[in-house]
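The sequence and the model come first, and the notes follow.

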Amino acid sequence: MTDPADIRDQADEARVAATAKAFRARSRRVHMLRRILPVAIIVLAGGTVSWIVLRSVMSDVERKAGTSREVRLDSAMFHGQDAEGRSFMIGAKSAVRDPETGQFRLMGPALRLNLGGRKVTTLTADGGTYNEAARTVTIGPNVRISDGGSGFTLVTPEAVVNTATGVVTGSKGVQGSGPLGTVNASSYVIYEQGERVVFRGAGDNKVRGTINPASSDG
């Protein structure tokens, strides 16, 4: 007959053996994870860095591709006519066509209105934009408008030329001078490619000017 004490001893030994086996299995898993986790961290970090580098390279390629689609014209010259058949010419030291909008960025623009007529209005500025589709030219800063017929000159920060109508507008202030005197205004409109000029004030900034006395002979 088996002694109950022996049975208890055998059961204790079995539990100890099972516990030891489970502990060894956990130790192997922990040891394996300690080897795998650093490698996984390195792989993930490398993947993140690689993605950042890849995006940077892709952005640079896209930027260069966009730049390569730009059309640059040196000593650019555009000719056209308004609705009344009056000619105009848009010249610039250089012009760059934006591939997204189709508009031309102008460097050193010079416009001449009413070519071939009895008087020519000339506009110059530091820069500008030619929107051929909208038939507008916006130039500035340092706009200088010279009327070849009257000798009157306007200085203004900005001028917008509607090439369909030949009307020139500006709303950022204007100073004018010529043989007849001087004028200061908040805005201006030049009609009929220089035939008529209207000055306007805004609020307290009214149109101000001086008139030179007419010279008399003898």
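Thr153 belongs to strand E8, residues 153-156; strands (E, at least two residues) and helices (H or I, at least four) are DSSP runs numbered from the N terminus. The model is predicted, so local features need pLDDT of at least 70 and side-chain atom pairs count only at pLDDT 80 or more, while totals for chains, interfaces and linings use all residues. Residues are numbered from 1 along each chain as its sequence is written, and side-chain values use heavy atoms, with hydrogens and water left out.

Thr153 counts as buried because its relative accessibility is 14%; buried means under 20% relative accessible area, exposed over 50%, and partly exposed in between, with a 1.4 Å probe and protein chains only. Apart from neighbours within four places in sequence, Thr153 contacts Arg144, Ile145, Ser146, Gln175, Gly176 and Ser177, where contact means heavy atoms within 4.5 Å.

In E7 (residues 143-147), Arg144 is the bridge partner of Thr124, and E4 and E7 pair in the antiparallel sense over 4 bridges. Two strands pair if DSSP finds at least two bridges between them. In a regular strand the side chains alternate between the two faces of the sheet.

Pro109 lies in strand E3 (residues 104-115) and counts as buried, at 2% relative accessibility.

The whole structure contains 3 salt bridges, each defined as a side-chain nitrogen of Lys or Arg within 4 Å of a carboxyl oxygen of Asp or Glu.

| Salt bridge | N to O distance |
|---|---|
| Asp74 and Arg72 | 3.4 Å |
| Arg86 and Asp82 | 2.8 Å |
| Lys172 and Glu158 | 3.3 Å |

Lys172 sits in the loop between strands E10 (168-170) and E11 (174-178), and Glu158 in the loop between E8 and strand E9 (159-162), so this pair ties together parts that are 14 residues apart in sequence. Glu158 is partly exposed at 22% relative accessibility. Asp82 is buried at 6%. Asp74 is exposed at 54%, and Arg72 is exposed with a relative accessible area of 54%.
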